[in-house]
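Keep the sequence and the 3D view open as you read.

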Amino acid sequence: MTAPATTLLELPDEERQDAASETAYQGFLARLSHQSVVKHYDAYADIPWDDPAYAIDPEDPRFELSADDPLGATVWYRSQPQPVRARIGLHMTATFARTGRAFESVLKRGLLEFAARLPEDAPEFRYCYHEVIEEAHHSLFFQEFVQRVRRAGLDVRPPAIVGAGERQVIRFGRRFPELFFFFVLSGEDPIDWVQRRALASGAELHPLIDRISRIHVTEEARHMAFARHYLRRHVPALRGPKLFVLRLRTAIVMKVATQLMMRPSRHVVRTYGIPKSVLREAYGRRSPGAQRARAALGKPRELCWELGVLNARWAPFWKLLGIYAPRGA
Ligand SMILES: [Fe+2]
Ligand SMILES: [Fe+2]
(Lines give C-alpha, C1' and ligand atoms only; values in the text may rest on other atoms or scores of the structure.)
(Ligands and ions follow the chains in the order given, each with its own letter.)
Protein backbone atom coordinates (compact mmCIF):
# COMPACT_ATOMS: atom_id res chain seq x y z
CA MET A 1 0.00 0.00 0.00
CA THR A 2 1.27 3.44 -0.78
CA ALA A 3 0.96 6.59 1.30
CA PRO A 4 -1.99 8.93 0.81
CA ALA A 5 -1.38 12.03 -1.27
CA THR A 6 -1.67 14.38 1.71
CA THR A 7 1.59 13.16 3.20
CA LEU A 8 3.29 14.60 0.13
CA LEU A 9 2.63 18.04 1.53
CA GLU A 10 5.04 17.85 4.40
CA LEU A 11 8.61 17.40 3.29
CA PRO A 12 10.59 15.66 5.95
CA ASP A 13 13.93 16.89 7.06
CA GLU A 14 16.70 14.39 7.07
CA GLU A 15 16.99 12.42 10.29
CA ARG A 16 19.80 14.02 12.25
CA GLN A 17 19.87 11.92 15.34
CA ASP A 18 23.20 10.95 16.75
CA ALA A 19 23.72 7.28 15.99
CA ALA A 20 27.17 6.95 17.51
CA SER A 21 26.36 4.05 19.81
CA GLU A 22 25.53 0.64 18.36
CA THR A 23 22.02 0.64 19.87
CA ALA A 24 21.28 4.12 18.57
CA TYR A 25 22.50 3.08 15.12
CA GLN A 26 20.31 -0.03 15.09
CA GLY A 27 17.32 2.09 16.16
CA PHE A 28 18.08 4.59 13.43
CA LEU A 29 18.16 1.87 10.75
CA ALA A 30 14.93 0.35 12.07
CA ARG A 31 13.21 3.76 11.86
CA LEU A 32 14.45 4.35 8.31
CA SER A 33 13.25 0.90 7.24
CA HIS A 34 9.87 1.47 8.91
CA GLN A 35 9.50 4.82 7.13
CA SER A 36 10.18 3.03 3.84
CA VAL A 37 7.18 0.81 4.59
CA VAL A 38 4.70 3.49 5.70
CA LYS A 39 5.81 6.37 3.51
CA HIS A 40 6.77 5.22 0.06
CA TYR A 41 5.47 5.92 -3.41
CA ASP A 42 4.82 4.01 -6.58
CA ALA A 43 5.88 5.62 -9.86
CA TYR A 44 2.57 4.79 -11.52
CA ALA A 45 -0.03 4.39 -8.75
CA ASP A 46 0.91 7.70 -7.13
CA ILE A 47 1.39 9.92 -10.20
CA PRO A 48 -1.71 10.60 -12.34
CA TRP A 49 0.21 10.52 -15.62
CA ASP A 50 -2.89 10.60 -17.78
CA ASP A 51 -4.69 13.38 -15.94
CA PRO A 52 -5.08 16.14 -18.59
CA ALA A 53 -3.68 18.65 -16.06
CA TYR A 54 -0.41 16.64 -16.10
CA ALA A 55 0.00 16.80 -19.89
CA ILE A 56 3.21 18.32 -21.20
CA ASP A 57 3.14 21.31 -23.51
CA PRO A 58 6.79 22.30 -24.17
CA GLU A 59 5.75 25.94 -24.44
CA ASP A 60 4.00 26.00 -21.04
CA PRO A 61 5.31 29.14 -19.22
CA ARG A 62 5.64 27.10 -16.01
CA PHE A 63 8.71 25.43 -17.54
CA GLU A 64 10.55 28.74 -17.96
CA LEU A 65 13.68 29.30 -15.91
CA SER A 66 13.15 31.73 -13.06
CA ALA A 67 15.02 35.00 -12.72
CA ASP A 68 17.15 33.53 -9.92
CA ASP A 69 18.38 30.72 -12.16
CA PRO A 70 21.90 31.55 -13.48
CA LEU A 71 20.90 31.13 -17.13
CA GLY A 72 17.37 32.42 -16.52
CA ALA A 73 18.82 35.69 -15.22
CA THR A 74 20.82 36.50 -18.36
CA VAL A 75 19.65 39.17 -20.80
CA TRP A 76 20.11 36.63 -23.59
CA TYR A 77 17.59 34.22 -22.03
CA ARG A 78 15.09 36.94 -21.12
CA SER A 79 15.17 38.24 -24.70
CA GLN A 80 14.23 34.86 -26.21
CA PRO A 81 10.62 34.45 -27.34
CA GLN A 82 8.41 32.93 -24.60
CA PRO A 83 8.03 29.49 -26.31
CA VAL A 84 11.83 29.19 -26.58
CA ARG A 85 12.31 30.14 -22.92
CA ALA A 86 9.86 27.39 -21.93
CA ARG A 87 11.49 24.82 -24.20
CA ILE A 88 14.96 25.53 -22.81
CA GLY A 89 13.68 25.14 -19.24
CA LEU A 90 11.90 21.87 -20.01
CA HIS A 91 14.80 20.52 -22.07
CA MET A 92 17.20 21.17 -19.19
CA THR A 93 14.85 19.58 -16.63
CA ALA A 94 14.34 16.50 -18.81
CA THR A 95 18.10 16.14 -19.37
CA PHE A 96 18.64 16.29 -15.59
CA ALA A 97 15.96 13.60 -15.17
CA ARG A 98 17.69 11.41 -17.75
CA THR A 99 21.04 11.94 -16.03
CA GLY A 100 19.34 11.19 -12.70
CA ARG A 101 18.10 7.88 -14.07
CA ALA A 102 21.65 6.94 -15.10
CA PHE A 103 23.04 7.98 -11.71
CA GLU A 104 20.38 5.96 -9.89
CA SER A 105 21.18 2.91 -11.98
CA VAL A 106 24.78 3.01 -10.75
CA LEU A 107 23.54 3.70 -7.25
CA LYS A 108 21.21 0.68 -7.20
CA ARG A 109 23.86 -1.69 -8.54
CA GLY A 110 26.43 -0.36 -6.07
CA LEU A 111 23.98 -0.77 -3.20
CA LEU A 112 23.38 -4.39 -4.20
CA GLU A 113 27.14 -4.95 -4.21
CA PHE A 114 27.37 -3.30 -0.79
CA ALA A 115 24.49 -5.43 0.57
CA ALA A 116 26.04 -8.61 -0.86
CA ARG A 117 29.14 -8.23 1.31
CA LEU A 118 27.23 -7.62 4.56
CA PRO A 119 27.05 -10.28 7.28
CA GLU A 120 23.82 -12.35 7.23
CA ASP A 121 22.35 -10.57 10.26
CA ALA A 122 23.30 -7.01 9.27
CA PRO A 123 20.40 -4.56 9.78
CA GLU A 124 21.74 -2.51 6.85
CA PHE A 125 20.67 -5.30 4.48
CA ARG A 126 16.94 -4.64 4.84
CA TYR A 127 17.35 -0.88 4.63
CA CYS A 128 19.51 -1.12 1.49
CA TYR A 129 16.87 -3.20 -0.26
CA HIS A 130 14.20 -0.63 0.64
CA GLU A 131 16.46 2.01 -0.87
CA VAL A 132 17.01 -0.02 -4.06
CA ILE A 133 13.22 -0.42 -4.44
CA GLU A 134 12.65 3.31 -3.95
CA GLU A 135 15.36 4.21 -6.45
CA ALA A 136 13.77 1.83 -8.97
CA HIS A 137 10.54 3.82 -8.70
CA HIS A 138 12.47 7.06 -9.11
CA SER A 139 14.08 5.72 -12.27
CA LEU A 140 10.65 4.72 -13.55
CA PHE A 141 9.18 8.16 -13.03
CA PHE A 142 12.25 9.96 -14.37
CA GLN A 143 12.20 7.83 -17.49
CA GLU A 144 8.42 8.13 -17.96
CA PHE A 145 8.82 11.90 -17.71
CA VAL A 146 11.68 11.92 -20.23
CA GLN A 147 9.67 9.78 -22.66
CA ARG A 148 6.70 12.13 -22.41
CA VAL A 149 8.94 15.13 -23.04
CA ARG A 150 10.33 13.31 -26.10
CA ARG A 151 6.82 12.61 -27.37
CA ALA A 152 6.09 16.31 -26.91
CA GLY A 153 8.84 16.99 -29.44
CA LEU A 154 12.12 17.57 -27.55
CA ASP A 155 15.16 15.47 -28.35
CA VAL A 156 16.38 14.59 -24.83
CA ARG A 157 19.86 13.07 -24.68
CA PRO A 158 22.02 12.06 -21.73
CA PRO A 159 25.34 13.98 -21.58
CA ALA A 160 28.21 12.02 -23.14
CA ILE A 161 30.08 11.58 -19.86
CA VAL A 162 27.11 9.74 -18.32
CA GLY A 163 28.00 6.08 -17.99
CA ALA A 164 31.77 6.68 -17.98
CA GLY A 165 33.46 4.77 -15.18
CA GLU A 166 30.21 3.30 -13.89
CA ARG A 167 31.54 -0.25 -13.51
CA GLN A 168 34.26 1.05 -11.23
CA VAL A 169 31.83 3.02 -9.05
CA ILE A 170 29.60 -0.04 -8.73
CA ARG A 171 32.59 -2.10 -7.57
CA PHE A 172 33.28 0.52 -4.89
CA GLY A 173 29.96 -0.54 -3.33
CA ARG A 174 31.74 -3.74 -2.31
CA ARG A 175 35.42 -2.77 -2.14
CA PHE A 176 35.42 0.86 -1.05
CA PRO A 177 31.98 1.74 0.38
CA GLU A 178 33.24 5.02 1.89
CA LEU A 179 34.02 6.34 -1.60
CA PHE A 180 30.81 4.84 -2.95
CA PHE A 181 28.67 6.65 -0.35
CA PHE A 182 30.41 9.97 -1.06
CA PHE A 183 29.57 9.36 -4.72
CA VAL A 184 25.95 8.80 -3.61
CA LEU A 185 25.84 12.07 -1.67
CA SER A 186 27.51 14.00 -4.49
CA GLY A 187 24.59 13.08 -6.71
CA GLU A 188 21.75 13.14 -4.21
CA ASP A 189 22.54 16.28 -2.23
CA PRO A 190 22.66 18.82 -5.11
CA ILE A 191 19.46 17.41 -6.68
CA ASP A 192 17.75 17.61 -3.30
CA TRP A 193 18.94 21.18 -2.83
CA VAL A 194 17.60 22.20 -6.25
CA GLN A 195 14.26 20.43 -5.74
CA ARG A 196 13.69 21.81 -2.22
CA ARG A 197 14.45 25.35 -3.44
CA ALA A 198 12.05 25.04 -6.36
CA LEU A 199 9.29 23.72 -4.08
CA ALA A 200 9.89 26.47 -1.52
CA SER A 201 10.17 29.27 -4.10
CA GLY A 202 6.43 29.85 -4.28
CA ALA A 203 6.63 29.82 -8.10
CA GLU A 204 3.89 27.86 -9.83
CA LEU A 205 5.40 24.54 -10.91
CA HIS A 206 3.98 22.19 -13.52
CA PRO A 207 1.99 19.58 -11.50
CA LEU A 208 4.11 16.72 -12.84
CA ILE A 209 7.35 18.39 -11.74
CA ASP A 210 5.80 19.33 -8.41
CA ARG A 211 4.64 15.75 -7.75
CA ILE A 212 7.87 14.08 -8.83
CA SER A 213 9.96 16.54 -6.80
CA ARG A 214 7.91 16.04 -3.62
CA ILE A 215 8.08 12.25 -3.83
CA HIS A 216 11.79 12.42 -4.53
CA VAL A 217 12.64 14.84 -1.72
CA THR A 218 10.62 12.74 0.75
CA GLU A 219 12.42 9.49 -0.03
CA GLU A 220 15.87 10.96 -0.62
CA ALA A 221 15.88 12.32 2.95
CA ARG A 222 16.23 8.70 4.10
CA HIS A 223 18.87 7.81 1.54
CA MET A 224 21.08 10.75 2.46
CA ALA A 225 20.62 10.15 6.18
CA PHE A 226 21.82 6.58 5.71
CA ALA A 227 24.82 7.59 3.60
CA ARG A 228 25.89 10.25 6.11
CA HIS A 229 25.58 7.89 9.06
CA TYR A 230 27.54 5.23 7.23
CA LEU A 231 30.31 7.71 6.46
CA ARG A 232 30.44 9.06 10.02
CA ARG A 233 30.87 5.53 11.32
CA HIS A 234 33.50 4.37 8.86
CA VAL A 235 35.60 7.22 7.46
CA PRO A 236 37.41 7.98 10.76
CA ALA A 237 39.07 4.54 10.59
CA LEU A 238 40.64 5.18 7.16
CA ARG A 239 44.37 5.87 6.91
CA GLY A 240 47.16 6.15 4.35
CA PRO A 241 46.62 5.69 0.62
CA LYS A 242 42.95 4.83 1.02
CA LEU A 243 42.25 8.12 2.79
CA PHE A 244 44.27 9.95 0.14
CA VAL A 245 42.23 8.38 -2.67
CA LEU A 246 39.01 9.18 -0.82
CA ARG A 247 40.01 12.85 -0.47
CA LEU A 248 41.07 13.15 -4.08
CA ARG A 249 38.17 11.39 -5.72
CA THR A 250 35.42 12.79 -3.49
CA ALA A 251 36.33 16.35 -4.51
CA ILE A 252 36.42 15.42 -8.20
CA VAL A 253 33.12 13.56 -8.05
CA MET A 254 31.44 16.54 -6.36
CA LYS A 255 32.68 18.85 -9.08
CA VAL A 256 31.49 16.57 -11.89
CA ALA A 257 28.10 15.89 -10.27
CA THR A 258 27.23 19.57 -9.89
CA GLN A 259 28.36 20.28 -13.47
CA LEU A 260 26.04 17.55 -14.74
CA MET A 261 23.03 18.46 -12.63
CA MET A 262 23.19 22.24 -12.57
CA ARG A 263 24.08 23.51 -16.02
CA PRO A 264 22.78 22.88 -19.54
CA SER A 265 24.28 19.91 -21.37
CA ARG A 266 26.27 20.45 -24.55
CA HIS A 267 23.33 19.12 -26.55
CA VAL A 268 20.99 21.73 -25.02
CA VAL A 269 23.59 24.46 -25.62
CA ARG A 270 23.84 23.48 -29.30
CA THR A 271 20.09 23.02 -29.79
CA TYR A 272 19.31 26.58 -28.69
CA GLY A 273 22.56 28.21 -29.80
CA ILE A 274 23.38 29.52 -26.33
CA PRO A 275 26.42 31.80 -26.91
CA LYS A 276 29.70 31.07 -25.11
CA SER A 277 29.67 34.53 -23.53
CA VAL A 278 26.25 33.79 -21.98
CA LEU A 279 27.53 30.49 -20.58
CA ARG A 280 30.53 32.31 -19.09
CA GLU A 281 28.28 34.94 -17.58
CA ALA A 282 25.99 32.30 -16.05
CA TYR A 283 28.46 29.54 -15.10
CA GLY A 284 32.03 30.87 -15.30
CA ARG A 285 34.30 31.55 -12.33
CA ARG A 286 32.66 33.89 -9.77
CA SER A 287 29.37 33.64 -11.70
CA PRO A 288 25.93 33.09 -10.14
CA GLY A 289 26.10 29.49 -11.41
CA ALA A 290 29.41 28.81 -9.67
CA GLN A 291 28.01 30.27 -6.47
CA ARG A 292 24.88 28.16 -6.79
CA ALA A 293 26.91 24.98 -7.31
CA ARG A 294 28.96 25.77 -4.18
CA ALA A 295 25.76 26.35 -2.21
CA ALA A 296 24.19 23.11 -3.46
CA LEU A 297 27.24 21.20 -2.19
CA GLY A 298 26.88 22.74 1.27
CA LYS A 299 25.84 19.60 3.15
CA PRO A 300 28.29 17.07 1.69
CA ARG A 301 31.14 19.61 1.91
CA GLU A 302 30.35 20.18 5.60
CA LEU A 303 30.54 16.42 6.11
CA CYS A 304 33.92 16.42 4.35
CA TRP A 305 35.15 19.09 6.77
CA GLU A 306 33.79 17.14 9.73
CA LEU A 307 35.48 13.89 8.65
CA GLY A 308 38.75 15.42 7.48
CA VAL A 309 38.11 14.57 3.84
CA LEU A 310 38.48 18.33 3.33
CA ASN A 311 41.03 20.14 5.49
CA ALA A 312 43.45 23.07 5.23
CA ARG A 313 45.89 21.01 3.11
CA TRP A 314 43.17 20.00 0.65
CA ALA A 315 41.48 23.40 0.51
CA PRO A 316 43.59 24.62 -2.49
CA PHE A 317 42.44 21.61 -4.53
CA TRP A 318 38.79 22.35 -3.74
CA LYS A 319 39.42 26.01 -4.65
CA LEU A 320 40.95 24.94 -7.95
CA LEU A 321 37.81 22.94 -8.70
CA GLY A 322 35.66 25.93 -7.73
CA ILE A 323 33.71 24.04 -5.06
CA TYR A 324 35.44 25.35 -1.92
CA ALA A 325 33.79 27.15 0.96
CA PRO A 326 35.13 27.51 4.49
CA ARG A 327 33.74 25.32 7.24
CA GLY A 328 30.29 26.42 8.41
CA ALA A 329 29.85 28.82 5.45
FE1 LIG B 1 16.34 8.90 -6.25
FE1 LIG C 1 18.37 8.23 -3.40
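Helix α5 passes α6 in a left-handed crossing. Please bear in mind that this is a predicted model.

**α5 against α6**
- The axes of α5 and α6 are 6 Å apart, and the two helices pack at an angle of about 125°.
- On the α5 side you will find V169, F172 and G173, which meet P177, L179, F180 and F183 of α6.
- Sorted by class, the residues of this contact are 6 nonpolar and 1 polar, with no charged ones.

**α3 against α5**
- Helix α5 (residues 166-175) also has helix α3 (residues 82-116) as a partner: their axes come within 6 Å and cross at roughly 30°.
- α3 is therefore roughly parallel to α5, as angles under 35 degrees count as roughly parallel.
- The crossing of α3 past α5 is right-handed.
- From α3, the residues in the contact are V106, R109, G110, L111, E113, F114 and A116, and they meet E166, V169, I170, R171, F172, G173 and R174 of α5.
- The contact of α3 with α5 counts 7 nonpolar, 2 polar and 5 charged residues.

**α4 against α7**
- Helix α4 (residues 123-151) packs with α7 at an angle of about 155°, and their axes are 11 Å apart.
- This angle makes α4 roughly antiparallel to α7, because angles over 145 degrees count as roughly antiparallel.
- α4 and α7 cross in a left-handed way.
- To follow the contact on screen, pick out Y127, E131, E134, H138, F141 and F145 in α4, then L208, I212, H216, E219, H223 and F226 in α7.
- Those residues divide into 6 nonpolar, 3 polar and 3 charged.

**The buried side of α11**
- Which residues of helix α11 are buried? In this helix (residues 288-296), they are G289, R292, A293 and A296.
- These residues lie on the same side of α11, because they cover an arc of only 100° around the axis.
- What do they pack against? The buried residues of α11 pack against α6 (177-200), α8 (240-262), α10 (276-283) and α12 (298-307).

- R211 sits in helix α7 (residues 207-234).
- Is R211 buried or exposed? R211 counts as buried, because it has 20 C-beta neighbours inside 10 Å and the cut-off for a buried residue is 20 or more.
- R211 and P48 are separated by 163 residues in sequence, yet their C-alpha atoms are 9.4 Å apart in space.
- R286 lies in the loop between α10 and α11.
- With 8 C-beta neighbours inside 10 Å, R286 counts as exposed, because the cut-off for an exposed residue is 12 or fewer.
- The phi of R286 is near 60°, a positive value in a residue other than glycine.
- For context, most residues other than glycine have a negative phi.

Key. Residues numbered from 1 in each chain as written. Chains lettered and ligands numbered in written order. Predicted model: local features only at pLDDT ≥ 70, side-chain atom pairs only at ≥ 80, totals over all residues. Axes fitted to C-alpha atoms, helices over the stretch in contact; angles between N-to-C directions. Helix = DSSP H or I, 4+ residues; strand = E, 2+ residues; numbered from the N terminus. Parallel < 35°, antiparallel > 145°, perpendicular 65-115°, else oblique. Left-handed = near helix turned anticlockwise from the far one by under 90°. Contact = placed C-beta atoms within 7 Å. Nonpolar A, V, L, I, M, F, W, Y, C, P; charged D, E, K, R; others polar. Arc of directions from axis to C-beta.
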